[in-house]
Amino acid sequence: WCAGGLAEIARWMELMVLSWLVLQATDSPFQLGLVLVFNNVPRPFISLFGGFVAERISRHLILIVAQSVNVLAAGALLFLIAADLIEPWHVFVVVFAQGVGRTFEDPARRTGLLDIVGERRLVNAMSLDTISNTAGKMVGPLLGGILVDTLEFRGAYMFLVTVHLLTLIMLVVWVKVPLA
C-alpha cells in the first residue's frame with residue numbers, strides 16, 4: 001500500500017510538473033493538454049494485452065519493470081532539464097512511455113492485490129488502493145506546485161526522480177506478490 005500510494009503521488013505530481021513545464025515552454029494550452037493525451041492514449045489500444053500479460057507473467061515482475069520505466073524516463077527528463085535541452089516532444093515521448101507502462105501495471109497491481117491479501121480481505125485492499133489513488137491525485141499536484149515554486153523545475157524533478165527510485169526500491173525489497 002505504501003509503495004502504491006507513493007507511486008500515485010509521484011505519478012500525479014509528475015503530470016502536473018510536466019504540464020506546467022510544457023505550458024511555460026510553449027505558452028500553448030493545446031500542448032499542455034497533449035501531456036495528458038500522450039499519457040492516456042496507450043490505454044484503449046494496449047489494455048486488453050496488458051490484462052493478458054498480467055495473467056501469464058509474474059505480476060511482481062510487471063510492477064518492477066513498469067516502475068523501472070518510470071525511473072529511467074524521469075531520469076532522462078531530469079538530464080534534459082538540467083542541461084537546458086528539454087523540448088515539449090521529449091515530454092510527450094516520456095509520458096507516452098509511462099502510459100504504456102501504466103497500461104501493464106494497472107491489471108498487474110489490481111490482480112496482485114488478490115494474490116497478496118486473498119478473497120477475505122480483497123474489499124479492504126481495494127478500498128486502500130482507491131484511497132491511495134485519490135490521495136495521489138490530491139497530494140501529487142499540490143506537492144508538485146510547491147516544489148516548482150520553491151525549487152524550480154530542476155529541483156522538483158530531482159525530487160520526483162528520487163520518489164520514483166524509492167518506489168522501485170520498495171517494490172523490489174518489500175513487496176512480495178505470490179504467483180497466482
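**Chatting through the salt bridges and a surface patch**

Q: Let's start with Thr103: buried or exposed?
A: This is a predicted model, and in it Thr103 counts as buried, at 4% relative accessibility.

Q: Which helix is Thr103 in?
A: Thr103 lies in helix 5, residues 88-117.

Q: And what is Thr103 in contact with, leaving aside neighbours within four places in sequence?
A: Thr103 is in contact with Pro42, Arg43, Ile46, Ser47 and Gly50.

Q: Nice, on to charges. How many salt bridges are there in the whole structure?
A: A search turns up nine.

Q: Why does Asp106 count as buried but Arg43 as partly exposed?
A: The cut-off for buried is under 20% relative accessible area. Asp106 has 8%, so it is buried, while Arg43 is at 23% and so counts as partly exposed.

Q: What about Arg109, which salt bridge does it make with Asp129?
A: The Arg109 and Asp129 side chains meet at 3.1 Å, N to O. This pair joins helix 5 to helix 6, 20 residues apart, and both residues are buried.

Q: Which residues are linked in a network of salt bridges?
A: The network links Glu8, Arg11, Arg43, Arg102, Glu105, Asp106, Arg109 and Asp129.

Q: Changing topic: which residues form a nonpolar patch on the surface?
A: Leu165, Ile169, Val172, Val173 and Trp174 do, with about 500 Å² of accessible area together. Ile169 is found in helix 6, residues 122-173, and is partly exposed at 45% relative accessible area.

Methods
Residues numbered from 1 in each chain as written. Predicted model: local features only at pLDDT ≥ 70, side-chain atom pairs only at ≥ 80, totals over all residues. Heavy atoms only, no water. Patch = residues over 30% accessible without salt bridge, like charges linked within 9 Å, V, L, I, M, F, W, Y side chains within 5 Å. Areas by Shrake-Rupley, 256 points an atom, 1.4 Å probe, with all protein chains shown as cover. Salt bridge = Lys/Arg side-chain N within 4 Å of Asp/Glu carboxyl O. Helix = DSSP H or I, 4+ residues; strand = E, 2+ residues; numbered from the N terminus. Buried < 20%, exposed > 50% of the residue type's maximum accessible area, 1.4 Å probe, protein only. Contact = heavy atoms within 4.5 Å.
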